[in-house]
Amino acid sequence: MSDLGAGFGYLMKGQRWVAQHGRWFGFGLLPGLVTLVVYAGALIGLGYGADDLVGWATPFADDWSSPWQGILRTGLTALVFVFGLFLAVITFTAVTLLVGQPFYESLSEEVDRSEGGDVPESGLPLWRELWISARDSLRILLRVALYGIILFACGFIPVIGQTVVPAIGFCVSGYFLAEELTAVALQRRGMILKDRLVLLRGRRMLVLGFGVPLTLAFLIPVVAVFLMPGAVAGATLLARDLVDPEAAAAPGPGPGTADSGDAPAPRAWST
């Protein structure tokens, strides 16, 4: 159980790190803001067009009498919008990380630099990093979708479906959210998706302590935007512990070092 508290501690350390390094916080906000604007536009468009979509998809109900036609189409319109909102929530982090790959990689490197020790770099061109991130994110989303289908079916089990299943769902979401966030630091260390999943399974409670509270907060996309820089910072600290616990426990040069006058400015392009 102590690992749960330690995982939450990494989440708080990450938020504290970006609070102490203000320019990196602003730097890390940009990808989330761009993604939020795109998602907000898509959801507004869905809100206006969902009823037309349902009407087009249910021509068999054109001749139904009132109120059955209205009940059917109103219910389906609500389901379409809820499904769109659900997709937005579960894909927001993956898309934000993909859009912000150069930003978050630079932020993650600066966290490593501020903590001392080696600062790994992938050495890959940007297009290659984006391809790997997109491919791995798709694989993770497919896993989440598979678990989602199973949990949705289990949701019809009386009592368990309304208590245990939602809790498991948050754990699944938190676990894979932590995977996506730690991937920023672990990919720089040369770890492929298969190896990253093995590493996370070895400290499952630590990972859940980090990912589950963040999943609950990320249910509100606006909150997710402001927590994302700290989430990447915290995930980098977590990755350091997972890869080399002794090095992660060693004291760094101090929170003010990375923001000193000689510190490099944030760079948005990784080479």
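This is a predicted model: local features need pLDDT of at least 70, side-chain atom pairs count only at pLDDT 80 or more; totals for chains, interfaces and linings use all residues.
Me: Which residues of H5 are buried?

Reply: Buried means under 20% relative accessible area. In H5 the buried residues are Leu-126, Glu-129, Ile-132, Ser-133, Asp-136, Ser-137, Ile-140, Val-144 and Leu-151.

Me: How many residues does helix H5 have, and what span does it reach?

Reply: Helix H5 covers residues 126-154, which is 29 residues. From its first C-alpha to its last it reaches 42 Å, close to the 42 Å expected at 1.5 Å a residue.

Me: How many salt bridges does the structure hold?

Reply: Side chains of opposite charge can pair when their charged atoms come close. The structure holds nine salt bridges.

Me: Which parts does the salt bridge of Arg-203 and Asp-3 tie together?

Reply: The side chains of Arg-203 and Asp-3 meet at 3.4 Å, N to O. Arg-203 lies in the loop between H7 and H8, while Asp-3 lies in helix H1 (residues 2-20), so the pair ties together parts that are 200 residues apart in sequence.

Me: Are Arg-203 and Asp-3 buried or partly exposed?

Reply: Arg-203 is partly exposed, with a relative accessible area of 26%. Asp-3 also counts as partly exposed, at 24% relative accessibility.

Me: What about the salt bridge of Asp-112 and Arg-188?

Reply: Their side chains meet at 2.6 Å, N to O. Asp-112 is in helix H4 and Arg-188 in helix H6, so this pair ties together parts that are 76 residues apart in sequence. Asp-112 counts as buried because its relative accessibility is 0%. Arg-188 is buried as well, with a relative accessible area of 3%.

Me: Which residues do salt bridges with shared partners join into one network?

Reply: Arg-196 is in helix H7 and Glu-179 in helix H6, 17 residues apart. Both Arg-196 and Glu-179 are buried. Shared partners join Arg-135, Asp-136, Arg-139, Glu-179 and Arg-196 into one network.

Me: Which residues make the nonpolar surface patch?

Reply: Phe-170, Leu-216, Leu-219, Ile-220, Val-222, Val-223 and Phe-226 make a patch of about 580 Å². Helix H9 (residues 221-243) gives the most to this patch, with three residues. Leu-216, another member, is found in helix H8 (residues 204-218). Leu-216 counts as partly exposed, because its relative accessibility is 44%.

Methods. Residues are numbered from 1 along each chain as its sequence is written. Side-chain values use heavy atoms; hydrogens and water are left out. Helices (H or I, at least four residues) and strands (E, at least two) are DSSP runs, numbered from the N terminus. The expected span of a helix is 1.5 Å times one less than its number of residues. Buried means under 20% relative accessible area, exposed over 50%, partly exposed in between (1.4 Å probe, protein chains only). Patches are made of residues with over 30% relative accessible area and no salt bridge: like charges are joined within 9 Å, nonpolar side chains (Val, Leu, Ile, Met, Phe, Trp, Tyr) within 5 Å. Accessible areas come from the Shrake-Rupley method with a 1.4 Å probe; for residues, only the protein chains shown count as cover. A salt bridge is a side-chain nitrogen of Lys or Arg within 4 Å of a carboxyl oxygen of Asp or Glu.
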